[in-house]
Amino acid sequence: MNNWFELVIDLIIILIFLGGFTRFRTPKGARQGNFSAAFALALAVVVIITSYRIMQPHIVILALLIGSALGWLVAMRVNMIQIPAMVAFQHGAGGIAAFLVSFIELTRNTLPGFGVEKISGFLGLAIGALTFSGSMIASGKLANIIKKPPLVLPMHSHITIGLLILIVLTGYFTGYLQGRPLTILLAVMVAESILLGLVFSIRIGGADMPVLISFLNATAGLAAAFCGVIIHNRLLIACGATVAASGSILTHVMCKAMNRNLLKVFIGFRVKDSADPIPAFFGEEIVADNLAGIGDESPAEPPAEVDPLTEAIRVCREAKNVIVVPGYGMAFAQAQFDVVRFTTLLEQSGKEVRFAIHPVAGRMPGHMDVLLAEAELSYDKMIEMDDINQDFEKTDLAIIVGACDVVNPAAMTTKNTPISGMPILLAHNAKRVLVCNLDDKPGYSGIDNPLYKNKKVIMLLGDAKETLTKLIDRYISES
Amino acid sequence: MQAHARQWVKLTEFNKTVMSELLIMLSVFILSIIIGYLLISKVPPLLHTPLMSMTNAISAVTILGALLVFAVVPDIPDTVFGALAIALAAFNVVGGFTITERMLKLFKNKKE
């Protein structure tokens, strides 16, 4: 095949891909972008199939059909709350593909010693394998199949680093082998990488999941890029590197939004202070969501004569502008439909309603926007943190639904807690605040939310869905 | 055997032009990271989930590598692993793009 022709075709495909990314500015454009990326990939597959003589075409076609059909079926059935689990699962599938291809190409590569291809092959193999196992754990946790809280092994960080060194050493010896010993040692390397993926992902949980899933997005791309070097395929390198860049950006955004350092998430350095008394040694499991014992004082009781629900309805009626702060608790209670129904009611009585979206409000970057879009909230009402924070002061009512840490003023006022310095939504600046949370316990961080004790706050505790239904009923019946 | 011989010839060809090949691959890698960074840092947070879902599908570009496994006569383990890689990559590609489309279809602006 003519080299120049090949280069031009590759360039065209890469340009269609990049064109797709430039369209990712509005939802409408993004649909075109997604379509053009799919088209580019399909084109690349057609080019490969037509320009090489593919052996055993029946097996290849069968594998293509089975994989595509399953992918399509699952993608059509999954609901929006399961998207993070689904995406993580797909990362895992991509990881397997990357390490299998690297594996095959490494066993076929008969050059002795270390060339760039070989090193890239090792990297593709190791990163692909750890992406696979890490993603399976992440997916299981996100789908609530793995209900275990983050597990910290004794000397966890040492194990992680030890495995890393072991993988590098295995790679070093593998470089000089041929034939059967090579195959065996490569399999050992895969096993070590899978173990590494398991070890680093089991200790991450809860609010750190968005970081993990973004990171795995980056490693899946990186594995594809390295896999591309060993087979000398420009498309794999270009696409893989672009995805790696994208995943890195999202990882950075997530870390910044939680005031977490990537290293701290993975090496598991936890800020030690009075608010974090859970010991992290000897198989002790950290029940991250259950640090309740810390803020044990009961919340300030609302004045006995005023029923909070009545008060809430009154405040809702009086408010002219409202900002809703949704958190993962809302999604978990599947209350997004009721929240949007309630805000539609408020809008119908002439109030201005907007939604303030914290970057880590969901279980993956941007997840909350998708959930609200599913509940048919117009996307011009979903406002990012930085754009809406200054507006809380001028707002009559902030309605918090299933959010705790992202509105915890302690992030600004206290030092040495896990959330200190984390950017928050300034809901406490609103004139009145309505909290529809399951309970008044601290969120994932374990830090008490002083907002709950503020006089301008009305607490409506209980299942968010039930609370919202009550609010809607009362609001309708009394109008 | 013939196929292996062919691969050998291909490999020695690679050896001759190895420097220029490496340079091209390195520049493709670096350029893609830079361009990717510039384009993707402008994506609004509103679209971060669809973005990740789409890039997830794109990362299964390894399907090309999996297909190329069958460009030379594969032995039995290679056939099994290669077919598995094709199926999983296809699962990732088709699933990723489909789910991205489903998500993006949900976004509506009632003002328009």
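Guide: What follows is a walk along one strand, then some stops elsewhere. The model is predicted.

The strand is β4, residues 397-401 of chain A, and 5 of its 5 residues are buried. In a regular strand the side chains alternate between the two faces of the sheet. In β4(A), A:Leu397, A:Ile399 and A:Val401 point one way, while A:Ala398 and A:Ile400 point the other way. The residues of both sets are buried.

Strand β4(A) has paired neighbours. One is β1(A), residues 321-326, which pairs with β4(A) in the parallel sense over 5 bridges. Another is β5(A), which also runs parallel to β4(A) and is joined to it by 5 bridges. A:Val401 takes part in both pairings: it is the bridge partner of A:Pro326, and it stands opposite A:Cys436 in β5(A).

A:His428 lies in the loop between α16 (410-413) and β5 (432-436) of chain A. Is A:His428 buried or exposed? The cut-off for buried is under 20% relative accessible area, and A:His428 has 17% relative accessibility, so it counts as buried. Leaving aside neighbours within four places in sequence, its contacts are A:Pro409, A:Met412, A:Val433, A:Leu451 and A:Lys456. A:Val433 falls within the residue range of β5(A).

A helix residue gives another example. A:Asp338 is found in helix α13, residues 336-348 of chain A. At 8% relative accessibility, A:Asp338 also counts as buried. Not counting residues up to four places away in sequence, A:Asp338 touches A:Lys465, A:Leu468, A:Thr469 and A:Ile472.

For a whole helix, take α8(A), residues 209-230. At 1.5 Å a residue, its 22 residues should span 32 Å, and its end C-alpha atoms are 32 Å apart, which agrees. Just after α8(A), A:His232 takes a positive phi of about 55°.

The last stop is the boundary with the other chain. Here 104 residues of chain A are in contact with 87 residues of chain B. The area buried between the two chains is about 8700 Å², and carbon and sulfur atoms give 76% of it. A:Phe24, A:Arg25 and A:Arg108 supply 8% of the area that chain A buries against chain B, more than any other three residues. A:Arg108 also forms a salt bridge with B:Asp78, with the closest N and O atoms 3.1 Å apart.

Note on methods:
Residues are numbered from 1 along each chain as its sequence is written. Chains are lettered from A and ligands numbered from 1 in the order in which they are written. This is a predicted model: local features need pLDDT of at least 70, side-chain atom pairs count only at pLDDT 80 or more; totals for chains, interfaces and linings use all residues. Side-chain values use heavy atoms; hydrogens and water are left out. Helices (H or I, at least four residues) and strands (E, at least two) are DSSP runs, numbered from the N terminus. Buried means under 20% relative accessible area, exposed over 50%, partly exposed in between (1.4 Å probe, protein chains only). Contact means heavy atoms within 4.5 Å. The expected span of a helix is 1.5 Å times one less than its number of residues. Two strands pair if DSSP finds at least two bridges between them. Buried area is the accessible area (1.4 Å probe) that two parts lose on being put together, summed over both. A salt bridge is a side-chain nitrogen of Lys or Arg within 4 Å of a carboxyl oxygen of Asp or Glu.
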